[in-house]
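Please look over the sequence and the model shown here before reading the briefing that follows.

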Amino acid sequence: MGPPAGVAGGREIRRPKGRSSGMSLWVDRNAQNVLILPAVLMILAFSIFPLLMSLYLSLSRFRLVKGGYDLRFVGLRNFKKLVLGSEQYHLLGTFGQLTFWEWGLMALVVGFFAHWLYRFATSGRFWIFGFIGRVVTAVVLTGLLLLCLLVINQGGFPGTLVVTMFYVLAGVAVQFTIGLSLAVLCAQPIPFRNWFRLIFFVPMMVTPVGIAYAFRMLTDLSIGPFAPIWRALGFTNVSWAADPWSARMMVLTGESWQWIPFMFIVLLAALENVPREQVESAKLDGAGEWRIFRDITWPTIAPVAATVVLIRMIEAFKIIDFPNILTNGGPGIATESLTLHAFIAWRTQDLGISAAVGYTLLFVTAVTCVSFFNFVGRRLRERTEG
Amino acid sequence: MNGKRNGSLRRLLEPKDVNSMSPAGKMVTYGLLAFWAAVVLFPLYWVLITSLKLPIHVNDGPLYIPFIDFMPSLHAWEYIFFELGNDTLRPYLNSIVIAFFSTVLAVGIGSMAAYALVRFQYRPRFASVIAFLLILAVVVWMTIAVDLHWSLSVAIGLALFFLFLNTLGKRFQTRVGNDDILFWIISQRILPPVVAVLPIYVMFQQMRLLDTHIALIVTYMTVNLPIVVWLMRDFFASIPMDLEESAQIDGASRFQILLGIIMPLAKPGLAATSLFVLILSWNEYLLALFLSTADAQTMPLLVAAQNATRGPQWWYMSVLIVIMIVPVIVMAGILQRFIARGLLIGAVKG
């Protein structure tokens, strides 16, 4: 829409009248600061300040005593307890034995990262912070992979960190694949596509708590809508909530059901920006659907794809509603995410551990997302532009 | 070749011209789309009909179609709205008030900041930013560990900071720019709420604001600010400068320009951003779990609490879920033409 007619020339806008001219003049002259300060102050007060306070909490022990509480600085003891001590099974999991092939895979990954670092160090673009950042990325990702391998083997049991990583990586992969497929289907010139678009958008608006209960209802083996099917297949005595992996898959399904629409709607909008003439001329030249997608469509939507994956990854790390409602973190701790872990610790008045778990989550999220942004997202974008 | 024999098959598999699809392709496409539509709609349908069932209808096993399999009854709706009455309405009103005000504030304050980041150049010294953070850390430490009253330590911190600005601070020349500020604001989204919520809980406890609307409104607003700044910045960047300049020559102030010219032009962005933020606040669970217990309880908490007492009572729960979904869908229906564009602009450029 154009500018409102009366405003375009600026005559309709009232000038500051005499009555509060001192004040409004001051505000106008300092507009630069007045406009941005509220946002900055709010973030300082409710993000940065709590972040620092949380850091202190994570380094101290909190105890309720008579008539108040007692907070004592204990250094890294909380983290030590989580990583090496009595809470290790909860955060990291129980370790199994690595098989021969997994050692081989680890060696391959270490070799890959070493090569990557070496290439960066000898390329002309070497700078010290870039190198440190890459070392951190390499170490953290290798460590997380090793942890995943350790806990999925015989005798191992994943802790909240690995479970959260599973929700994030598997969830985002599923959401991206289905979201992109639906967007490709919906981008075709077919009748009723706007109806499908409208319907597909709905799950994003439903409250996660509600979805979690709806999925519990749907998967109920005796009163759910699919009960006759389960009965026919003979699944009457098993419960999906009792087996760790099926419970995790349920959480993943609920989360994906809710967030596929987000991927879908943004990718669809990106697909509509793909130059039509190029696609048409490629078709006339006899190019197949797959080649058109690979050579024309994908390069155009790649930056958007990288951005939605990044956004979803950031949000997926915070998952709590689904595990809490759908399975209550159970069986045992099998579906517990890091946020739920921190919440449970908080509920048992273990504020130090709660903050330490929160900080672990922050660290893993930050390293994963910044690495993705720097080494995948930026590359995709540069390739498109260059 | 053997065109005659395969004629009908070919007609099925090959498109008429370049721009249309083959009938078989169309069939597959519609099949897949219809399948996904069923995946999306069936859970919602199930919730809706469960809300119309009597307990006996639910517990007897699945009944699918109202009027044929079972007689719909408003029993659960009556229970939720009349017997529970205030216990439902209060959280519902809480949710409306909190979602509405936090959205308005977040979009207002966030748009102001986004506009400022597009139109002005900020060049704060890097050293002052670091100093500020260090002093903030000292303030936190003094408050918690040394047990100083918080107002006293904040005063000391402010004094230290201004002292630094006017003396040592002038020696450092490295500055940060708008992009750094923007990145800083957006990166707040990476911060898991569970890290920030413990101290926020303590803060509100100290201010005696725990379990009030204000606590939730302010927290939701801050959590959603980064999204607003991110999405709105690109809308403001796409509005040409000369409109503003001519208004400025005519003597309009910055705020008159912002309210009279810029905001109306950015309406699509404002609509999409508001809807997105509204959905996030309306459905928020974790922060509400920490910061509200009874008086400020929001709908997600009420729904979640249904499990607690006598096992899940699906029929009541379904009513609550339905009344939570309906307003959002109505809002989205009104604003739907803005949504895709609004989300896309942020995602493409961000």
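This is a predicted model: local features need pLDDT of at least 70, side-chain atom pairs count only at pLDDT 80 or more; totals for chains, interfaces and linings use all residues.

**Chains, contact and helix packing**

Residues are numbered from 1 along each chain as its sequence is written, and chains are lettered from A and ligands numbered from 1 in the order in which they are written.

**Chain B**
- Chain B contains 16 helices and zero strands, where helices (H or I, at least four residues) and strands (E, at least two) are DSSP runs numbered from the N terminus.
- Of the contacts in chain B with a separation of 6 or more, 77% are between residues 24 or more positions apart, a contact being two residues whose C-beta atoms, placed from the backbone, lie within 7 Å.
- The domain assignment, with bounds from an automatic or database source, gives chain B domain 1 (22-73), domain 2 (85-122 + 178-349) and domain 3 (123-176), and the C-alpha centres of domain 1 and domain 3 of chain B lie 60 Å apart.
- B:Pro55 is found in helix α3 (residues 55-59) of chain B and is partly exposed, with 13 other C-beta atoms within 10 Å.

**Chain A**
- The secondary structure of chain A comes to 17 helices and four strands, and its C-alpha trace spans about 75 × 70 × 60 Å along the principal axes.
- Of the 386 residues of chain A, 37% count as buried, and 69% of the chain A contacts between residues at least 6 apart in sequence join residues at least 24 apart.
- Chain A is assigned domain 1 (21-58), domain 2 (96-155) and domain 3 (158-385).
- Eight residues of domain 2 of chain A are in contact with seven residues of domain 3 of chain A; the domain 2 side of this contact has seven nonpolar, one polar and no charged residues, where Ala, Val, Leu, Ile, Met, Phe, Trp, Tyr, Cys and Pro count as nonpolar, Asp, Glu, Lys and Arg as charged, and the others, Gly among them, as polar.

**Contact between the chains**
- The contact takes 90 residues from chain A and 90 residues from chain B, and the largest share of the chain A side, 19 residues, comes from helix α3 (residues 31-58) of chain A.
- The chain A side of this contact divides into 68 nonpolar, 15 polar and seven charged residues.

**Helices of chain A**
- The axes of helix α6 (residues 100-122) and helix α7 (residues 128-152) of chain A, as lines fitted to C-alpha atoms over the stretch in contact with angles from 0 to 180 degrees between N-to-C directions, come within 10 Å and cross at roughly 175 degrees.
- That makes α6(A) roughly antiparallel to α7(A), given that angles over 145 degrees count as roughly antiparallel, under 35 as roughly parallel, 65 to 115 as roughly perpendicular and the rest as oblique.
- The residues of the contact of α6(A) with α7(A) divide into 14 nonpolar, one polar and two charged.
- In helix α9 (residues 193-201) of chain A the buried residues are A:Phe196, A:Arg197, A:Phe200 and A:Phe201, and they fall within an arc of 130 degrees seen down the axis, so they line one face of the helix; the arc is that of the directions from the helix axis to the C-beta atoms.
- The face of α9(A) turned away from its buried side carries the exposed residues A:Asn194 and A:Trp195.

Note on methods
A residue is buried if 20 or more other C-beta atoms lie within 10 Å of its own, exposed if 12 or fewer, and partly exposed in between; C-beta atoms are placed from the backbone.
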